Structures are given as structure tokens and as C-alpha cells.
Amino acid sequence: MAGEHLMPTYARQAVAFAHGEGAWLTDTDGKRYLDAMAGIAVCNLGHAHPAVTRAIQQQAATLLHTSNVYRIPLQEEAADALCAVSGMEKVFFGNSGAEANEAAIKLARLYGHGKGVDLPTIIVMEGAFHGRTMATLTATGNRKIQAGFEPLVSGFVRAPYNDLDAVRQIARNNRDIVAVLVEPVQGEGGVIVPADDYLAGLRTICDDNGWLLMLDEIQTGNGRMGTYFAYQQCGVMPDVVTTAKGLGNGVPVGACLAQGVAAGIFAPGNHGSTFGGNPLACATALAVIRALCNDGVMARVPALSQRILDGFRAAFADEPGVAVVRGKGLMIGIELDRPCGALVTRAREAGLLINVTAEKVIRLLPPLVFTDADADLLVAKLAALVREFLAEPATA
Ligand SMILES: Cc1ncc(COP(=O)(O)O)c(C=O)c1O
């Protein structure tokens, strides 16, 4: 049986894709699908983006890997480019989102010990998702992801998301806090968009208490919000920001960025990665950053986002089974009044790739290269499927 030697960590759908172009994927039987998931917010530039493909091909034919024990000019260039688009100062490259967050967590702990805090503790949020390594699944605010993997890692306390008073209260009661780790919009948690002043409020609390503000922009970053990072719309500078997913448009690369006091914490020997920031990853990241910034791709995001949100709001205006349509940039959630995982298969059969998270939330993460016609097709097809689904008697 195909796949019998894979550990069954995923309940995989019965489809495999042969190739892709832009926002469209073709399966091994030749059927085409509109991809409103982008590999879970990875292929922000769409599939087979010409400049990214060219960069990968050229680099693969030149030099894949050396080692971080040598200088890697492409890594230096990629760090320059990331700092130029973000206003940050230093970059550590890894291979995934979880690793980027691990770097941030280690950095916060070193920062805390440097201040004389023996048990440095990081505030993390209910509903958060930060990855599947031991520290990042502990930071994740979802018991399903943690259950069975105890003992969890110590050094985290949890606050409700979008609740500044709760964080202030922790500040009054816990002298071990050294940092806050938070997503600007929660993705896996159900596309939860906080109040406009939430990040600025956290920045103030962090400043008042000498904590690091660490933003997990693994899903929100790389243009998905219409700016390179989400914080750039809030007048806030984090001390640390993590990214991955869209940074390589499908080639595994992640990064932990730091500025100010946080930029001076890691010293030789504190952290490392064999593959992190190798020439292939960095040539790809450079091509991605340039394509996102130069081709007006990010500039289209607000109008595209509004078009999709308006389309669904109009389609569901008199549909009581739709609790809310919400989103920011190209992270869009449609929350139903019932679990709706079954819609993933129905949408796929209808030639549409979507995701359901937090049981009742349809999550849409279209690539930034979606055309207006793609957006209208997404709304028309999905709205019809949702209405049909809601018209059926609810199953227990
Ligand atoms: C906000 C956020 N943080 C971290 C991660 C983990 O990234 P990775 O799967 O690359 O380890 C994800 C992945 O979905 C994410 O959405």
C-alpha cells in the first residue's frame, strides 16, 4: 500500500499534486484546483514562480551547502535583505518555523539570565500555535497538541489573547517574566484578529517591565498582511520577530530576527544549525524577498483581501449558520455555527483547496498572486458549498 512506511502523523487527503502554476495546482490525474491554502501560507508567490525557480536552479547547479563554520556570502546578503525590509538588525537562519521560535525562546532565556532572573519565563497566549518541538508545543495554547508529550517544558505562563489587562496583571505578580511571545493574528487558533492597538499595548507593557516583545510572524509575515511583516502596520517595533513559511516559498528556511538589546545576546556557541542559512535556502529567500518587494505583489493585498471579505459577507448576509466572516490581509476565516471539517473534502472535489481550523473555522490563505477572477471564483464556489452544507441537518 502506498505510504505504508510513513509514520501516520497526518490524516492525509486522497490526492497528490503533479505540478502547479501561480494559484493553480494539477493533480496526478490531470484535474485542476484553485489553491486557497498555498501549502498553509507558504507559497505566497504561487507555485513555480519564475524568479524563484530560476534562483533555485542556478544555485543548485552552483553550490548547495558548505557549513556555518565558513562565511556564506548569500546568507549575509539574505540577512541584509531581511533587515532592510523589517528594520531589524540581526538574523539567525534555521529551517522551519518551530526552529525560528526555538531560537527566540533560547534568546529570551539568555536575556533573562543576563538580568539575573534564575527561572526566566515567557508569556504565551491561549489559542496560540508556535510549532511541534517540545518548547514550541509547550508555548502552543492547545491541549490537543500537548497531550501525551508530558513532561512539558517549564518557563511559560499563559494569558488570554487580545487581553492587555491580563498581561498587566501577570506583570504585577510574576517577577520571572522576561518576554512575551505572540502572533499578530492567530492562524491555527481560528484566524483571530486582535484589537488594532493590541501590539502597541504589549509594546508599552514590555517597555515598562524590561521584557522582550517577540512576534511570531511565521504565518503573518512575508507579505501576507500587505506589508512585509504585520507589525509594520501598527507603529510597533518588536525586539524579536520569527518567520519561516513564505520566506522560501516552499524551500525550507526560517529566521529569527532581533534588534536593540536582543540583537546583542547570542554569541558564538550559543546556537546553531547544520543546514540553517545554507546557500540554496538563502538564494531562494533572496529571490522571494525581491519578488515580494519589487513586483507590487504586496501592494495588491489590501484590495484583494477586501474583495474576498466583501464577497463572503454579501454571500452570507442572510445565512444564520455563518457566525462571522473575519480576517486581515490574506488570512481569512469564516466561522460557522458547527464543526465543518467535511467541507475540506467537498471543496476539493469541487476543485478548491481550503483548510478548516479550530473545528468551525474555514481558513483561507490564498497566495498573493491571486487574480480578481480567482478571488471571485473562490467566493462563488465556496459560498455555494457552505450554503449547501448548512442546509443539511446538523450531525451530532
Ligand atoms: C504562527 C506559527 N508559528 C509556528 C509555526 C510552526 O512552523 P513549522 O511548521 O515550520 O515548524 C506555524 C506553522 O503553522 C505557525 O503558523
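Helices (H or I, at least four residues) and strands (E, at least two) are DSSP runs, numbered from the N terminus. The structure is a predicted model, in which local features need pLDDT of at least 70 and side-chain atom pairs count only at pLDDT 80 or more, while totals for chains, interfaces and linings use all residues. Residues are numbered from 1 along each chain as its sequence is written, and side-chain values use heavy atoms, with hydrogens and water left out.

**View 1. The shell around the ligand.** Helix H4 (residues 97-114) contributes three residues to the shell around the ligand, the most of any element. There are 13 residues around the ligand, and Gly97, Ala98, Asp216, Gln219 and Lys245 come nearest; a residue is near a molecule if one of its heavy atoms lies within 4 Å of it. By type, the shell holds three nonpolar, six polar and four charged residues. Here Ala, Val, Leu, Ile, Met, Phe, Trp, Tyr, Cys and Pro count as nonpolar, Asp, Glu, Lys and Arg as charged, and the others, Gly among them, as polar.

View 2. A backbone N or O atom of Gly97 lies 2.8 Å from a ligand oxygen atom. Asp216 places a polar side-chain atom 2.7 Å from a nitrogen atom of the ligand, and Gln219 places one 2.7 Å from an oxygen atom of the ligand. The ligand taken alone exposes 390 Å², of which the protein buries 81%; accessible areas come from the Shrake-Rupley method with a 1.4 Å probe, and for residues only the protein chains shown count as cover.

View 3. Strands E1 (residues 17-21) and E2 (residues 24-27) run antiparallel and are joined by four bridges; two strands pair if DSSP finds at least two bridges between them. Gly20 stands opposite Leu25 in E2. Two residues lie between the strands of this hairpin, and Gly22 in the turn has a positive phi of about 60 degrees.

View 4. In helix H2 (residues 50-60), the buried residues are Val52, Ala55 and Gln59. Seen down the axis of H2, these buried residues fall within an arc of 60 degrees, so they line one face of the helix; the arc is that of the directions from the helix axis to the C-beta atoms. Pro50, Gln57 and Gln58 are exposed on the other side of H2. Buried means under 20% relative accessible area, exposed over 50%, and partly exposed in between (1.4 Å probe, protein chains only).

Note on methods. Polar contact = N/O pair within 3.5 Å; in protein donor to acceptor, adjacent residues only side chain to side chain.
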